[in-house]
Amino acid sequence: MSFENNSNGNEKEERKYSHERNKSDELQLSRTDMNMLIMNYLVTEGFKEAALKFQQEAGLQEPALCSSLDERIMIREAVQGGRIPEAIAMVNSLHPELLDNDRYLYFHLQQLQLLELIRAGRAEEALAFASATLAEAGANDANALTELERSLALLAFPDPHTSPFADLLLPSHGQKIASELNAAILKMENQEYTNPKLCSLLRMILWSQSELDKHNIKYPKMTDLANATIGQPK
Amino acid sequence: MQQFTVFMDIESSRSYIDELYSSDAVKVMEALVTLKNSVIGSNRQKSSVISQGVVPRLLQLMSEESLDPNIRLEATITIGSLAKGTPENIESLIEKGTATALVEMLKTVPLGSKLAEAALCALRSIFSHKPAPVDALPADMRLLTRLTQIAREDSQEARTSVIRVLAVWCSGTVEQEALTCAGACSAAAAMLVVPPRSVPSPSRLVPALELLAAMCFKNPNVAQVALNTRHGDKSIPELLMCLVSRDKPLVVALKAAKCLTFLQRAGALPADDSRIVFGALPCLARLCTKENTEDIRASAAEVLAYLTEVDTSLQRLAAISNHLMSSLADIVNCQSAAAKQGAFKCFASLGANDEDIRKMIIETHGLMVHVVNGLNNPDPCVSLAAVRCLHSLSRSVQQLRTTFQDHAVWKPLMQLLNDSPGPELLNVGSSTLCNLLLEFSPAKEPMLDQGAVEMLCNLTKMSDPALRLNGIWALMNMAFQAEQKVKQRILCCLGTEQMFRLLGDSDTRVIMKMLGLLRNLLSTRQHIDAIMSEYSSQVMQAVIVVLEGSYPAEVKEQALCILGNIGDGEKSKDLIMANEDVLRKLVDYLAHPESKLQEAALFVAGNLVWRGEAGAAARQQRLADLGVLRALKLLRASHHAAHLHDKVKTALAQFNEFT
């Protein structure tokens, strides 16, 4: 098989891969789809007020609010506010089997409680609490043990906030656990998507880009996800 | 408001446990919630409160119908949490009557209520313990109907829980029939529907599939019912067919294929049904491939083994797969006992009936080594499965002669058979040995050393006719073209008493093989003379017993053949000639209506009259006196005996020409 090697052929080759910016603009995204994605994010993550407001402003139909939206909001607030026993009691009242089924999640919640004690400087209580409750999970799960050790290591430092494990004391850690708990509740209710669809979309972008990179293909790459900056193909 | 203390230690827990006995409902409620929150997530706490004796009080609070439903609910939820603890926790619960209490509750608690759901979840957790307290659930029709109603109508969680309980409970024919009467098939069918464009949820599908499988296993009645049960416009087999496709989660596909397999084996679906041929079978083959986890592969191999165990067309169909043999060989190589067992059983099934498939299996790279390793495996389930595999392959023993010799499969096999084997192993192992003995002349000597003869003689004494048959058949094969040493050993070990016992066996096949053994022993001249010199009276007696008794024709034929063999011996001829009784019978049999008996008698006569032997003239005279000559002439003239004419003519030609 032989190909005619003329300049036309070459141009076609290039056009196949190189992509002009305006071409992607031609892709039509429906406004409704966008709104549904945003609504899904708000509802999944538990931003009820924002969801209702958004529904009004965007003129959408009644959002599919899961029955547990209110409870999930309160639970998230309790977790992020450091009121762990309260959060646990609410989860147990909503889904009594959840924390028994997911001991690792239970451990994470207990760990937050421990971190609260450490943050407040109540070192002795922290140690007593760790040995009474967290030791059990640490004994059964290697990951839990590592995380327990990191948490307790904070006590070795005069100022835990400047220690190598300071990230545990940041609010972002609490948010991470809160999201974990939120997803677990949604899963228990057999919701199809326990994470907002937007998260899946972002993951898809990252995955696709890495696959294209593996094959050394030129394409307009999104270099900054937060700002959706798309660089020019090199 | 509850106190949100940071943690509970044993001292403070005692205080709220006391409150459980309070007469103040509010205090009781508070105590329950605190207790519940302390045990959820912590096995240590569960063990602690159980050892403090809290369970009976909880059961009381749970079961008392006059109590506030919220109290009952919290108590039930707490029990449910305790049931998610350690196996010891669950045993304590069972011991204190938790399972029975929950079942009682389910009889009266309103359907669709949170209390019912909590009770079901707790029961399900308890039933996931091994052994499950199946006695707590009687096969009571009213109760079962209630449960299947829940399985049809209640919330998702309740339905799944009740189906899981029933799947565990369904352990025998009684339970299978009871559940079918109570309508469990249609309840299960309802759970198998996957709405279009939705993700199939394994947590919903798997319990229903397990229940269906448990119900249909080896039960033709239930399988028929399942065949005809419909949900919406689809029957159960059609629903199952949807679930074995490639886009379904692997566990779901596997369990659905298992259900279809059980339906087929129980006779509800024919082997050529499209849902087997295009559904279950390819699905199971696909699940055996290397990219799946060991668990999935092991289970798939096991189910495939069961599906193809009997039907040759299915065996052939499975063997067509271009990857199955190598996939199974890879599974055999896995670490777990379940994987090895599944793969060996699958090879055993596939190679059961078809010579070409056996060839394919044997040629699978490295398999025979695995089989020998399997025979040596300490786990009895694995070694039994390896023996089954070997058994199937041994049906092509000629093909395998070199392979088997190279790998000396008989040694570990003998070891297994000598090591107080269970009835199954004894049966399959002795059948295998029987097949192997047909070919392995060189291997016979070492087998003697390993006590093969003793072992086989012992088998002939067993109460199971299948084992007796294997024993005597193996001895028969062993004696075939064997050395005198081997033959002596067999006779000596078996003993004439046992020989007579076997000749009177209730199973005709055993008698046939016993006579076959005698025939093989009495072959080649020197052996015949040697054996008859020692055992003449017993052998003759045995022959006479059979010829005189009311045995079927084929048995008598064997006896005549033995006589014929004896007649071939140099000195032994005289033994027959000395026995007038036998000679008269011979005459009778030459005229017997049954053709094969005539032929056998002819064989005897032919040997006795043979001219080339010393003393032939005297024998011929004697036989003529008794009427043998006349009988032979009659035979030659008979039209019915046309196919024997050549032999008759030869016999007659032996006689010196005197009338």
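**Close-up views of a predicted two-chain model**

**View 1. Surroundings of B:Lys248.** B:Lys248 touches B:Pro200, B:Cys242 and B:Leu243, residues up to four places away in sequence not being counted (contact means heavy atoms within 4.5 Å). The model is predicted: local features need pLDDT of at least 70 and side-chain atom pairs count only at pLDDT 80 or more, whereas totals for chains, interfaces and linings use all residues. Residues are numbered from 1 along each chain as its sequence is written, chains are lettered from A in the order in which they are written, and side-chain values use heavy atoms, with hydrogens and water left out. B:Lys248 is found in the loop between helix 15 (236–243) and helix 16 (250–265) of chain B (helices are DSSP runs of H or I, at least four residues, numbered from the N terminus). With a relative accessible area of 14%, B:Lys248 is buried (under 20% relative accessible area, 1.4 Å probe, protein chains only). Its side chain makes a polar contact with the side chain of B:Asp247 (3.3 Å); such a contact is a pair of N or O atoms within 3.5 Å, one able to donate a hydrogen and the other to accept it within protein, and residues adjacent in sequence count only if both atoms are side-chain atoms.

**View 2. Interface of chain A and chain B.** In this interface, 22 residues of chain A are in contact with 23 residues of chain B. The two chains bury about 1900 Å² between them, 51% of it on carbon and sulfur atoms (accessible area, 1.4 Å probe, lost on being put together and summed over both parts). A:Glu97, A:Asp100 and A:Glu136 supply 26% of the area that chain A buries against chain B, more than any other three residues.

**View 3. Salt bridge between A:Glu97 and B:Arg124.** The side chains of A:Glu97 and B:Arg124 meet in a salt bridge at 2.8 Å, N to O (a side-chain nitrogen of Lys or Arg within 4 Å of a carboxyl oxygen of Asp or Glu). Across the interface of chain A and chain B, the rule finds three salt bridges.

**View 4. Nonpolar core around B:Leu240.** The largest nonpolar core has 240 residues, and B:Leu240 and B:Leu517 have the most contacts inside it (a core is a set of buried Ala, Val, Leu, Ile, Met, Phe, Trp, Tyr and Cys residues joined through side-chain atoms within 4.5 Å). Helix 33 (residues 525–548) of chain B gives the most to this core, with 11 residues. Neighbours within four places in sequence aside, B:Leu240 is in contact with residues including B:Leu192, B:Leu209 and B:Cys259.

Terms used: Buried means under 20% relative accessible area, exposed over 50%, partly exposed in between (1.4 Å probe, protein chains only). Helices (H or I, at least four residues) and strands (E, at least two) are DSSP runs, numbered from the N terminus.
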